[in-house]
Amino acid sequence: PRDTVDVVVVGSGGAGFSAAVSAFDNGAKVILIEKEPVIGGNAKLAAGGMNAAWTDQQKAKGIKDSVESMYKDTMKGGRDINEPELVEVLTSHSKGSVDWLTAMGADLNDVGRMGGASANRSHRPTGGAGVGAHVIQVLYDNAVKRDIDMRMNTRGIEILKDDKGNVEGLLVKGMYKGYYWIKADAVILATGGFAKNNERVSKLDPKLKGFISTNQPGATGDGIDVAGNAGAAMTDLEYIQAHPTLSVKGGVMVTEAVRGNGAILVNREGKRFVNEITTRDKASAAILNQTGKSAFLIFDDSVRKSLSKIDKYIGLGVVPSADSLVKLGEKTGIDGKNLTEAVARYNSQLKSGKDTDFGRPNLPRALNEGNYYAIEVTPGVHHTMGGVKIDSKAEIMNAKQQVIPGLYGAGEVTGGVHGANRLGGNAISDIVTFGRMAGENAAEYSKKN
Ligand code: ADP
């Protein structure tokens, strides 16, 4: 071998970094590899929030929530096929994960609503900046502080095992160094999902053939093959999520928090057609049913001011605006008269506290301040719920439900946590909690081997 360590982590998204930092803090010598030239994976693009229940941040804002409520919402959103013991881990450790990041310097003080949640529990930086980029920055800074060996442009190719079937290392391919192997007691796969690989996606779900994707180029799913070749069992691969709001212009993913903070969805006819903060599968299906298979997010300056991320979209030139809804209609091709009526009706329902048309559970603010904005959106492939089978200690299992000794998995490469549909805000929560756990358990395992 070219190097000898206790733990190798494959992938530099939120799961990989959480695993590397936590393995190090539990006494392991660690190498983290990433096949792309840049760190952060898809985690870096996550803008919605990090779901957690009954946190200090919620308490400070007077928000009532519980682990049981987050558990119920997650199971319901996943159509009850989630692995209950994994959801138990996700929800009961969510506060601990927020505290862990906060202790390392993260700001998760802004708390908002995401689809399918019965409480405001999506934690993000003050002012509503992108949570993923912030979390990755904090984890990266902490990895640098610990002097963890991080290697970009280095792809994990094959898990190496000894003759007893225990992991003994990883074959990698460096862009400049070529093939070499790293000897290690444990390998943690944190290679993310495969939403960017439309060939793989459409084989599993033909409806999604030709769809654009919100993901970074590395989200091809080769980690699934690495795990499969090492004997890992797979689960729920056919469940693939479309994110309802990708901007038609520019293909930018528009975070669910825009709706959570008050935007409504209308069709070309200027009419609302869905509870905007329903789960992603339902919102995507509803948008595909509208004329032109797209819809418009409509909001005003009060929503804009509540979420700094919106100024980024405006900066990208994908958000037409006007000082009246009629003029906004002229600019976008939406029926302005109906749009004016739809917004007036929404505002009046907000006053009475109940959306009797579509049953939207939270109506955070009236749309009547300053300029109005529209973003034309359509669904894009966003998250792959399925993946390698893990147990509640993040150990990867084979088809006989036995643990593969020394092999761990965390994050989107795994299946079971989100069932048939992942709730917005549960990805960051998942990758930090299971990443931490994989790191801790791999470090402990390495001490014994
Ligand atoms: P998660 O959200 O689960 O942490 P991400 O998508 O954020 O997942 O990160 C996964 C990372 O793993 C990406 O940066 C991706 O490029 C990287 N990756 C995927 N396959 C491999 C591989 N075979 N070797 C090294 N890195 C990989």
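Q: How many Å separate the centres of domain 1 and domain 2?
A: Domain bounds come from an automatic or database domain assignment. Here that gives domain 1 (3–196 + 385–448) and domain 2 (241–380), and their centres, taken over C-alpha atoms, are 32 Å apart. Keep in mind that this is a predicted model, where local features need pLDDT of at least 70, side-chain atom pairs count only at pLDDT 80 or more, and totals for chains, interfaces and linings use all residues. Residues are numbered from 1 along each chain as its sequence is written.

Q: What is the mean pLDDT of the chain?
A: pLDDT is the predictor's confidence in each residue, from 0 to 100. The chain's mean is 96, with 100% of its residues at 70 or more.

Q: How many residues of domain 1 are in contact with domain 2?
A: Contact means C-beta atoms, placed from the backbone, within 7 Å. By that rule, 20 residues of domain 1 meet 18 of domain 2.

Q: Which residues are closest to the ligand?
A: A residue counts as near if its C-beta atom, placed from the backbone, lies within 6 Å. 27 residues surround the ligand, and the closest are G13, G41, G192, G218 and G411.

Definitions and conventions: Two residues are in contact if their C-beta atoms, placed from the backbone, lie within 7 Å.
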